Amino acid sequence: MNKSVRKAVIAGNWKMNKTRPEAKELISSLVPLVKDAGCEVVICVPFTNLETAVALTEGTNIKVGAQNCHFEKSGAFTGEVSADMLMELGVEYVVLGHSERRQYFGETDETVNKRTRAALSAGLKPIVCVGELLWERECGITEEVIARQIKLDFFGISKDELLSCIIAYEPVWAIGTGKTATAEQAEEVCAFIRATLAKLYDSETAEAVTVQYGGSMNAANAAELLSKPDVDGGLIGGASLKANDFSVIVGAATNG
Ligand code: PEP
């Protein structure tokens, strides 16, 4: 199967940035800049901006995502938000297993798996992040780490459900560091993810799954990364906070 049959998705991860007035300004600037995008455009905003983002993107080609959700439907989980709550707001995507959640908030492959299942059951499209630490790359175990994460994060998830998921390959050493993986490194691991999925599911399913690269992708390096055959889009942190930069990346995916 050819890359062009897969859905290219450029998703912005705003992390813990933007008050509501700032979010309104950024979204208003972004809407006209990406209106002719040839790829799916998603903005994953803080919980406090979800309602604003859904309202401001109505009738546009921009989709809205959250940055996490809990695996229980409701209950005594102070500070958490359920997948149903996100669906009810009109949210379509949810980032799960981001390395910052794993590093600072004790997220494990087991909880990523539970959150992914809950998100799918509610009808959300999970963007599941995997990636190795610098130390793991230096020890030569990148593929072992990625295969383990894929096996655990997608345990019990059916073929049909997998097709509603996006996988974001985010080498931890490249996130927010300005240190980008080379296009060859990104391609190598994205292709490995697809090969792992082919073993766990089948090659037709693996060929249909969108695999993004994330890690200091920006307006200057996006075109090269996105030109690679197994890199179907990007999860963009810092560069998604500037409408112009983000729209250049969207343009690179459209052309890539
Ligand atoms: C991210 O937050 O997923 C990310 C890739 O961040 P950055 O682009 O800033 O490295």
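In strand E2, Glu40, Val42 and Cys44 point one way while Val41 and Ile43 point the other way, and all of them are buried. Buried here means under 20% relative accessible area, with exposed being over 50% and partly exposed in between, using a 1.4 Å probe and protein chains only. In a regular strand the side chains alternate between the two faces of the sheet. E2 covers residues 40-44, and five of its five residues are buried, so E2 is largely enclosed by the rest of the structure.

The model is predicted: local features need pLDDT of at least 70, side-chain atom pairs count only at pLDDT 80 or more, and totals for chains, interfaces and linings use all residues. Residues are numbered from 1 along each chain as its sequence is written, and side-chain values use heavy atoms, with hydrogens and water left out. Helices (H or I, at least four residues) and strands (E, at least two) are DSSP runs numbered from the N terminus.

**The barrel**

Eight strands form a closed barrel in the order E1-E2-E3-E4-E5-E6-E7-E8, with parallel pairing. From one strand to the next the twist averages 25°. Two strands pair if DSSP finds at least two bridges between them. Strands of a sheet pair through backbone hydrogen bonds, either parallel or antiparallel. Strand E1 (residues 9-13) is joined to E2 by five bridges, and the two run parallel. Within this pair, Val9 has Glu40 in E2 as its bridge partner. Further along, four bridges join strand E5 (residues 125-130) to strand E6 (residues 166-169), again in parallel. Here Val128 is bridged to Ile167 in E6.

**Helices on the sheet**

Helix H7 lies across E5 and E6 and runs at about 150° to E5. Helix H9 packs on the sheet, where it touches E5, E6 and strand E7 (210-214), and its direction makes about 140° with that of E6. For these angles, axes are lines fitted to C-alpha atoms, for helices over the stretch in contact, and angles run from 0 to 180 degrees between N-to-C directions.

| Helix pair | Angle | Axis distance |
|---|---|---|
| H7 (residues 142-153) and H9 (residues 183-200) | about 45° | 10 Å apart |
| H5 and H7 | roughly 45° | within 8 Å |

H7 and H9 are therefore oblique to each other, and so are H5 and H7. Angles under 35 degrees count as roughly parallel, over 145 as roughly antiparallel, 65 to 115 as roughly perpendicular and the rest as oblique.

Where H7 meets H9, residues in contact include Ile146, Ala147 and Ile150 in H7 and Val189, Phe192 and Thr196 in H9. Contact means heavy atoms within 4.5 Å. By class, the contact of H7 with H9 has eight nonpolar, two polar and two charged residues. Ala, Val, Leu, Ile, Met, Phe, Trp, Tyr, Cys and Pro count as nonpolar, Asp, Glu, Lys and Arg as charged, and the others, Gly among them, as polar. Thr196, found in H9, is buried at 7% relative accessibility. Apart from neighbours within four places in sequence, Thr196 is in contact with Ala147 and Ile150.

On the H5 side, Asp109, Val112, Asn113 and Thr116 meet Arg148, Gln149, Leu152 and Asp153 in H7. This contact of H5 with H7 has two nonpolar, three polar and three charged residues.

Arg115 is also in H5 (residues 109-122). With a relative accessible area of 8%, Arg115 is buried. Its contacts, leaving aside neighbours within four places in sequence, include Asn68, His70, Glu80 and Glu107.
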